[in-house]
Amino acid sequence: MSTDITDDINRDTGDDFASGQVNRVGDRVFSGMSRGAGLVILVTLAGVALFLIWRALPALTADPSEIGPGGSEGNGSGFLPYVGTLVFGTVWASVIALSIAVPFGIAIALFISHYAPRRLSRTLGYVIDLLAAIPSVVYGLWGIFVLAPAMAKHVYPWFNDHLGFIPFFSGKVLASGRSMATVGLVLAVMILPIITAISREVFLQTPRLNEEAALALGATRWEMIRIAVLPYGRSGVISGAMLGLGRALGETMAVALILAPANVYSFKLFTSQNPNTIAANIALQFPESTGLEVNTLIATGLVLFAITLFVNVMSRRVSRGRVA
Amino acid sequence: MTNNDTDQRTTSTGAGSFVEHRITVRDLNIFYGKFRAIADVDMDIEPQSVTALIGPSGCGKSTFLRSLNRMHEVIDGATVEGSVQINGVDLYGPRVDPVLVRRKIGMVFQRPNPFPTMSIAENVLAGKRLNQRRLKKNEADEVVEAALRDSNLWEEVKDRLDAPGGGLSGGQQQRLCIARAIAVEPEVLLMDEPCSALDPISTLAVEQLMLELKEKYTIVIVTHNMQQAARVSERTAFFNIEGTGKPGRLIEMDDTAVIFSNPIQQATQDYVTGRFG
Amino acid sequence: MSVSVAHLTSDEMVAHHFDSPPLARRATAAIAGASMVIAVVLSALMGGVAPARVLAIGAVVYALSIYVVSRRVEGRRRGFDRLVTTLVTGAFLLVTIPLVSVIWTTIDRGSARFDSAFFTETMRGVVGAGGGAKHAIIGTLIITGLAALMSVPIGILVAIYLVEYGRRNRLSSMITTMVDVMTGIPSIVAGLFAYSLFAVFQGPGARSGLAGAVALTVLMTPVVVRATEEMLRLVPNDLREAAFALGVPKWKTIVKVVLPTAIGGILTGITLAIARVIGETAPLLIACGLAQDTNLNPLSGRMTTLPVMSYYGYVAPGFPPEAGYDRGWAAALVLIIIVLALFTVARVIAKVLQPKGLR
């Protein structure tokens with residue numbers, strides 16, 4: 001009578017007990033590979049940060065007169081003044097985009113989740129996802145060819161004439177329409193799908209019970225939305241908006257194509273005096289840049305990275321605080 | 001159970017030599033992290049019989065069952081002290097590969113879990129195929145038919161072996177899972193509440209199957225259904241827990257008839273007569 | 001969650017249900033018609049009955065009048081409900097205008113050069129009319145393909161580590177955070193990184209397809225990780241246990257049981273990730289530069305993709321500029337068609353590979 005399970009196993013597998021070790025090798029290799037892939041992520045991200053810092057350092061340590069427009073002749077303004085208007089332009093364009101896109105994003109999400117017929121809403125959800133994947137260069141072309149001239153002709157002058165006393169709408173309207181207002185609108189259209197998609201998802205997750213409780217109490221549809229859906233979806237909407245903000249901050253091509261930039265701080269929406277954004281500035285300048293100019297652009301990229309990182313961290317914080 | 005009864009089994013599985021898979025548990029303690037789920041269990045499980053583990057929810061009987069083929073290790077932080085021996089070999093010995101242990105000691109779960117990407121036949125063959133055995137077509141067919149016959153499913157599915165396993169009824173799925181488990185030719189079959197997700201008729205079919213399977217396998221079953229324990233098992237072990245946060249303990253183990261009619265411990269008496277649990 | 005309805009008094013609730021007649025469909029139609037008439041008159045007074053203006057004014061007039069009428073007939077709460085419904089629907093319709101316009105313009109302007117020459121010729125030596133996007137299409141395929149080749153295995157393995165191996169340990173929570181951070185990297189920053197990386201080996205001014213692919217990999221990998229992770233978590237634990245109980249080693253369980261069960265969702269996610277990066281312009285502008293001819297070697301030399309070609313079609317259109325614009329739009333159209341095709345493929349994959357009997 002055999003009393004050894006190992007013998008028993010050996011007989012079955014036709015191998016010695018080390019055959020068990022073969023499997024273990026497979027396990028070790030596979031788990032090692034997957035852990036290695038995880039480490040690749042960490043290394044890559046560290047690489048991104050380190051390479052950017054390393055390549056940006058020459059610009060940060062150089063004499064201020066060598067940095068910025070005219071830097072090659074020693075008439076530059078220095079890095080901080082140079083990046084200042086860019087940061088301002090980046091944030092300003094994103095704020096405009098966000099203030100347009102968020103209300104519309106919520107409204108459309110509500111329309112899809114609570115107003116549209118069920119079958120239509122599924123299709124609409126799909127269309128929204130698709131719109132999020134339309135390449136930004138296409139939005140840029142559309143902005144420059146279609147939206148900018150149309151707005152400059154029909155809309156901006158009206159605001160300028162009737163509401164020109166508000167500083168935002170003042171100044172001379174740029175006839176080509178390549179102004180901050182158009183950039184803001186195009187960015188809004190671009191980030192709308194993300195905001196809508198995330199809001200729609202949380203709205204659809206509203207517990208049916210809460211909605212029915214509200215309706216059973218005789219609430220109208222709007223009242224049901226206000227007391228059941230919106231409070232439930234608030235943090236989702238916020239994190240969607242933050243994600244949209246992150247995307248708007250980093251958006252390059254649409255801005256690069258549309259905006260007629262200048263190195264200024266200006267809140268005016270329709271004029272030719274528009275602060276550029278970091279990303280668009282890099283895209284426009286990089287192909288023609290050499291030496292220290294490249295370092296300067298990489299340094300501005302580093303600043304952009306820091307800004308988006310900050311926004312993303314805040315966004316995670318909000319979405320973590322979501323009702324689990 | 002006497003040795004004479006098991007002669008038949010050895011010839012039928014063709015294991016080559018006479019092997020009795022008696023399970024001996026000594027001083028077994030099971031931990032999840034710092035929490036002790038099972039304390040100081042000693043148990044002898046007879047070969048070629050059905051042993052039932054009963055007890056109130058949370059008493060650790062499922063944990064104990066899973067420690068018999070090292071399945072509890074799948075859960076993070078689970079550790080074991082003590083020994084579980086099969087014919088004198090400690091399953092927790094330093095050179096023992098849990099993967100090989102599980103090929104010898106199969107398991108059937110509470111919810112039927114056929115692989116959804118595989119057909120009925122592929123499900124039955126999963127254990128063999130995934131364990132790197134190359135099977136010839138006719139060999140594979142034989143394994144499928146034998147396992148499905150042994151699990152009383154052959155007649156019902158022989159015309160649709162290539163259909164997805166997920167398309168069967170709950171009871172059929174569970175018998176498919178049993179077929180899948182016995183196709184790897186284990187010596188012991190552990191069943192974790194195999195009927196709790198099934199309707200009464202399917203339950204009956206699975207119970208019937210257990211009575212047939214014990215001719216070949218040592219079966220340990222966890223059940224909440226005391227009638228079931230009484231119907232299918234020779235031996236019954238009663239586990240209990242003093243309170244939340246306390247470990248589960250083996251209170252009493254005896255012939256099933258004794259446990260249900262004349263147990264020694266008052267707690268067992270209370271439980272089997274339905275006074276708590 | 002507490003649902004507070006304290007502000008709805010029971011009187012109000014009963015009141016509008018039983019006492020006031022609801023506004024009939026015909027009544028709302030009449031208000032809509034009247035609003036449009038008023039809009040025509042108003043826009044004529046403002047100088048010119050342009051359709052867009054009439055519609056805009058009409059919408060505002062309708063929203064206001066339906067609110068006022070409904071408020072009088074059906075009560076304050078009903079009136080406000082109608083106003084919100086009108087606003088929400090109006091917002092939706094308003095937003096469809098730019099989105100439809102984007103797609104329509106691309107089709108309309110892109111079709112001018114959507115001819116066979118566009119797919120068979122390059123831009124080599126072309127200054128004015130003519131030329132094609134063959135080099136850019138090939139470049140797109142090479143760069144996106146390389147990016148997928150790098151990011152898909154890494155992404156899937158990372159997701160496997162997170163779900164199957166690193167449950168709640170420190171490394172996995174660190175990786176999760178870093179994947180989050182990576183998701184938020186602006187594409188142009190990824191381009192700068194790839195440029196800086198390759199400048200080390202190839203000196204400043206180096207541009208190559210591989211550099212572009214690396215930039216896209218940085219953008220694509222987190223998307224693949226997320227999609228795969230989500231799908232792996234959907235695989236019921238029962239299946240893993242079933243395989244373990246058969247004595248199947250863990251890695252084989254993952255490869256032969258877990259991955260096949262989740263494969264439909266994973267492939268869908270990968271397809272969508274490809275659709276996302278295939279339209280990337282900014283990082284490639286930095287890392288790959290612009291080429292006028294086909295370059296099959298991703299290791300050296302500039303390489304152009306469709307979005308970059310589209311961009312330069314506007315920025316450097318040549319003379320006469322119309323030819324450049326048309327090429328840019330045609331490139332955009334091809335791009336949108338590819339994205340659409342990828343979306344369709346993703347849907348089909350999701351449907352075909354959905355395992356039966358899984359929930």
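A: For a chain of 277 residues, a compact globule would have a radius of gyration near 19 Å, and chain B has 19 Å, which agrees. That radius is taken over C-alpha atoms, and the globule rule is 2.2 Å times the number of residues to the power 0.38. The model is predicted: local features need pLDDT of at least 70, side-chain atom pairs count only at pLDDT 80 or more, and totals for chains, interfaces and linings use all residues. Residues are numbered from 1 along each chain as its sequence is written, while chains are lettered from A and ligands numbered from 1 in the order in which they are written.

Along its principal axes, chain B has C-alpha atoms that fill a box of roughly 55 × 45 × 40 Å. Its secondary structure consists of eleven helices and ten strands; these are DSSP runs numbered from the N terminus, helices being H or I with at least four residues and strands being E with at least two. Of the 277 residues of chain B, 49% count as buried. A residue is buried if 20 or more other C-beta atoms lie within 10 Å of its own, exposed if 12 or fewer, and partly exposed in between, with C-beta atoms placed from the backbone. Among the contacts in chain B with a separation of 6 or more, 69% join residues 24 or more positions apart. Two residues are in contact if their C-beta atoms, placed from the backbone, lie within 7 Å.

Two loop residues of chain B deserve attention for their backbone angles. Most residues other than glycine have a negative phi, and most peptide bonds are trans. R70(B) has a positive phi of about 60° although it is not a glycine. R70(B) is located in the loop between α2 (61-67) and β4 (78-86) of chain B, and it counts as buried because 22 other C-beta atoms lie within 10 Å. E185(B), also not a glycine, has a positive phi of about 55°. The loop between α7 (170-183) and β7 (188-192) of chain B holds E185(B), which is buried because it has 20 C-beta neighbours inside 10 Å.

Chain C can now be described in the same terms. It comes to 14 helices and zero strands. A compact globule of 359 residues would have a radius of gyration near 21 Å, but chain C has 28 Å. The box filled by the C-alpha atoms of chain C, taken along the principal axes, is roughly 75 × 70 × 35 Å. Of its 359 residues, 50% are buried, and residues 24 or more positions apart account for 72% of the contacts in chain C with a separation of 6 or more.

R77(C) belongs to helix α4 of chain C and is buried, since 20 other C-beta atoms lie within 10 Å. The C-alpha atoms of R77(C) and A346(C) are separated by 45 Å, and these residues are 269 residues apart along the chain. The peptide bond from F319(C) to P320(C) is cis, with omega near -5°; P320(C) sits in the loop between α13 (306-315) and α14 (321-352) of chain C.

Chain C also meets chain A. The contact takes 74 residues from chain A and 73 residues from chain C. On the side of chain A that touches chain C, helix α2 (residues 19-61) of chain A gives the largest share, 19 residues. By class, that side has 52 nonpolar, 16 polar and six charged residues. Here Ala, Val, Leu, Ile, Met, Phe, Trp, Tyr, Cys and Pro count as nonpolar, Asp, Glu, Lys and Arg as charged, and the others, Gly among them, as polar.

One helix pair illustrates the contact. The axes of helix α3 (residues 79-115) of chain A and helix α4 (residues 76-110) of chain C come within 8 Å and cross at roughly 110°. Axes are lines fitted to C-alpha atoms, for helices over the stretch in contact, and angles run from 0 to 180 degrees between N-to-C directions. α3(A) and α4(C) are therefore roughly perpendicular to each other; angles under 35 degrees count as roughly parallel, over 145 as roughly antiparallel, 65 to 115 as roughly perpendicular and the rest as oblique. The residues of this contact of α3(A) with α4(C) divide into eleven nonpolar, two polar and no charged.
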